[in-house]
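The following note sets out points for discussion, taken one region at a time.

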Amino acid sequence: MTRSLLLLALLLTACVEPAAEEEPPPVEPQALPTVQGLQPSVDLDPSDDVAEYAMTVREGSVELVAGQMVEAFTYDGMSPGPLLQVRRGQLMRVHVTNDLDEPTTVHWHGLRIDVAMDGVVMGNIPAIAPGDTFVYEFTPPDAGTFWFHPHVRSNVQVEAGLYGALVVHEDAALAPSVDADRIFVLDDVLLEDGVIAEESSNHMVQMHGRFGNTLLVNGQEDPLSIDLRPDGVERWRLVNTANARTMVFRFPGLSVREVGADGGLWPQEWTRSIDELTLPVGARAELEVRLDGDEGSLEQVVLALDANNDVIEVPVDRALVTLDGDAAASDASGFTADPPMALPDVDGADEHVLAVSAVNGADGVTWMLNGRAWPEASDWVVDQNVPVIIEVQNDLGPEHPFHVHGQFFSVLERDGAPADERGLRDTVLVRGGTTVRIATDFSNPGTWMVHCHILEHAERGMMTTVEVVP
Ligand code: C2O
Ligand code: CU
């Protein structure tokens, strides 16, 4: 039913109903808070219980670099796709139509939902064939910043433009009091002669993943411009959607507090001031941002080689922040709520080792976990709600952003020392030649993907599954 038909039907039902003695107050759909930076998708369901969206996956041209249109894969003609929003605990329904010439899926990165809605092709869960529509339906149990992308030929489809952000809003009482809530979807793309480069079988790409030559924020190369009111404070949500690039940010001229990560906002005692943020592929950060003086910026630090082949840091502005001296002063107080967040209890937890390895064969590099390359079957089975410490051993040089579907974990240790990451995560960076220990209680039953989020590694075998038995 189209929206107008649905409204008409609702109006008609309202007319034929006998007038009640006391009219209940009309149910106004509760407006979702505004998140700036991306075009929001329109909720097709007027009721307050359901957020309903429709998206078409299709080719289209997008303006990544000012004045230059590029052919891309898009959601509704956009890359990143439209911003999808829902309230925690609200039912979300997304009709996805595939108008590409190849199968695709939508994976909801970080959501602890039913495995049948997770957008992976496994067992009897198929991809969305060209011309078909699939309806994803789920109720996100956690508030936070999430994203979505295909889980077939992901190195090609994500690079070609298929990624978007999904915000699950917290209950109003837990939301920070801010002047603006902004999202920054950060990507890098490899443009060659104004075209998104074809899939590469270059050895460097197989070893380290594909690095782009054009940094994007919300689908554009140019930095965003942001005006802040005097005494203003904002919430910034950062998402790294690159194929392979670990991102490092600094904040000259700004005061930044890290207040959350993949799994949502933290209890106050974990929040902290930061000067630098490392954001692995797939991960998210929640920041509370204030301006120190008149100007500041969100600066991405990129490593490059200088003329002597020495590695140098090149700062690239992703957002320029300016004080709007004419605006009224802000009375927002920032992030003051104290959301509960329980970390897995690791006392007496089982342990499971995942060791990274690689072989260089006739058709290039194959990446493996415990000596197996996807789609080789996994024999890893755990019980639901039983905590497990996972030790990811990476004895080789390249780094791996390690991602678990459908669960959150806490990061315990790096090479035996307490880890610096706080809160709940679904992605953790395992640097070359290091071992990382994480803990999860596998709260969500089903057979879930566990993989490296460098998409060239994942597609070259570095994926496995864990079966969580209720
Ligand atoms: Cu963004 Cu299998 O993940
Ligand atoms: Cu990897």
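This is a predicted model: local features need pLDDT of at least 70, side-chain atom pairs count only at pLDDT 80 or more; totals for chains, interfaces and linings use all residues.

1. Leucine 303 belongs to strand E21, which spans residues 295-305. In soluble globular proteins, nonpolar side chains tend to be buried together.

2. The largest nonpolar core comprises 32 residues, and Leu84, Trp108 and Leu166 have the most contacts inside it. Two or more residues come from each of several strands, including E1 (50-65), E2 (68-75), E3 (84-87) and E4 (91-98). Strand E1 makes the greatest contribution to this core, with four residues.

3. Which atoms coordinate the copper ion (ligand 2)? The donors are ND1 of His400, SG of Cys452 and ND1 of His457, at 1.9 to 2.1 Å. Along the chain, the donors of this ion follow the spacing H-x51-C-x4-H. Cysteine 452 and histidine 457 are both buried.

4. Alanine 244 sits in the loop that links strand E14 (233-240) to strand E15 (247-250). Leaving aside residues up to four places away in sequence, alanine 244 touches His208, Gly209, Arg210, Phe211, Val281, Ile454 and Glu456. Between alanine 244 and tryptophan 448 there are 22 Å in space, C-alpha to C-alpha, and the two are 204 residues apart in sequence.

5. One joins serine 79 and proline 80, with omega of about -5°; proline 80 is in the loop between E2 and E3. Another runs from tryptophan 374 to proline 375, with omega near 10°. Proline 375 is placed in the loop between strand E24 (364-369) and strand E25 (381-383).

6. The loop between E24 and E25 also holds asparagine 370, a residue other than glycine whose phi is positive, near 50°. Asparagine 370 counts as partly exposed because its relative accessibility is 38%.

7. Phenylalanine 442, likewise a residue other than glycine, has a positive phi, near 45°. Phenylalanine 442 is located in the loop between strand E31 (434-440) and strand E32 (446-452). With a relative accessible area of 0%, phenylalanine 442 is buried.

How values were computed
Residues are numbered from 1 along each chain as its sequence is written. Chains are lettered from A and ligands numbered from 1 in the order in which they are written. Side-chain values use heavy atoms; hydrogens and water are left out. Donors are N, O and S atoms within 2.8 Å of the metal (3.2 Å for Na, K and Ca); water is not among the atoms, so sites may look incomplete. Buried means under 20% relative accessible area, exposed over 50%, partly exposed in between (1.4 Å probe, protein chains only). Contact means heavy atoms within 4.5 Å. A nonpolar core is a set of buried Ala, Val, Leu, Ile, Met, Phe, Trp, Tyr and Cys residues joined through side-chain atoms within 4.5 Å.
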